[in-house]
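Hi,

Here is the model I wanted to pass on to you. Have a look, and then read on for what turned up among the charged side chains.

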Amino acid sequence: MTVVRYLGKVIMRGTQFTSGCTERSVIELWEKQTLDQEDISSANAILEIRPFQVRLHHLDGKREVTVQTDTFQVARIAYCTADHHVSANIFAWLYREINDDLSYQIDCHAVECGSKLEAKKLAHTMMEAFKKTFSSMKSDGQIHNSNSSEEVKSATSDDG
């Protein structure tokens, strides 16, 4: 578990998940946060990456865990990166959010870590979680061999 500052989320446009694809969204979130807060380094969440899900535990003003927790299924994470020009301490991931009408949108979520190394470690941990999830889904028959190479390409990590 890593203490972070959750910057928020924005809806992504486009479906090409390559190096730099989160940069515009991260800049938007970064600029919004720096305008909204005087102390931009204040932690407000704990990010927990597990093999099948990621949990974002929100903290209150006293830095205690609240009941509000966002849960993300690892299988729906399309991309993650710790490589951003606006700040080397930012870790971001793209998440396939399913709407009520069963359509989906891609949301870019971002957190600011205490250091560049922490951000890189989160990217590595997320990729390891994806590998475990993918392996389990494959062995359970949820993913067939003919699609496996394309699935791996669709969920990638860019940890610099």
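A word on terms to start: buried means under 20% relative accessible area, exposed over 50%, and partly exposed in between, with a 1.4 Å probe and protein chains only. Bear in mind that this is a predicted model, where local features need pLDDT of at least 70, side-chain atom pairs count only at pLDDT 80 or more, and totals for chains, interfaces and linings use all residues. Residues are numbered from 1 along each chain as its sequence is written, and side-chain values use heavy atoms, with hydrogens and water left out.

So, how many salt bridges does the structure hold? There are four, taking a salt bridge as a side-chain nitrogen of Lys or Arg within 4 Å of a carboxyl oxygen of Asp or Glu. Here are some of them.

Arg 5 pairs with Glu 112, with 2.9 Å between the closest N and O atoms. This one ties together distant parts of the chain: Arg 5 sits in strand β1 (residues 2-11) and Glu 112 in strand β7 (residues 104-112), 107 residues apart. (Strands are DSSP runs of E, at least two residues; helices are H or I, at least four; both are numbered from the N terminus.) Arg 5 is buried at 2% relative accessibility, and Glu 112 is buried at 12%.

Glu 48 and Arg 50 form another, at 2.7 Å from N to O. Glu 48 is buried at 11%, while Arg 50 is partly exposed at 36%.

Then there's Lys 131 with Glu 128, at 3.7 Å. Both lie in helix α2 (residues 116-139), three residues apart, or about one turn of the helix. Lys 131 is partly exposed at 44%, and Glu 128 is partly exposed at 30%.

Cheers
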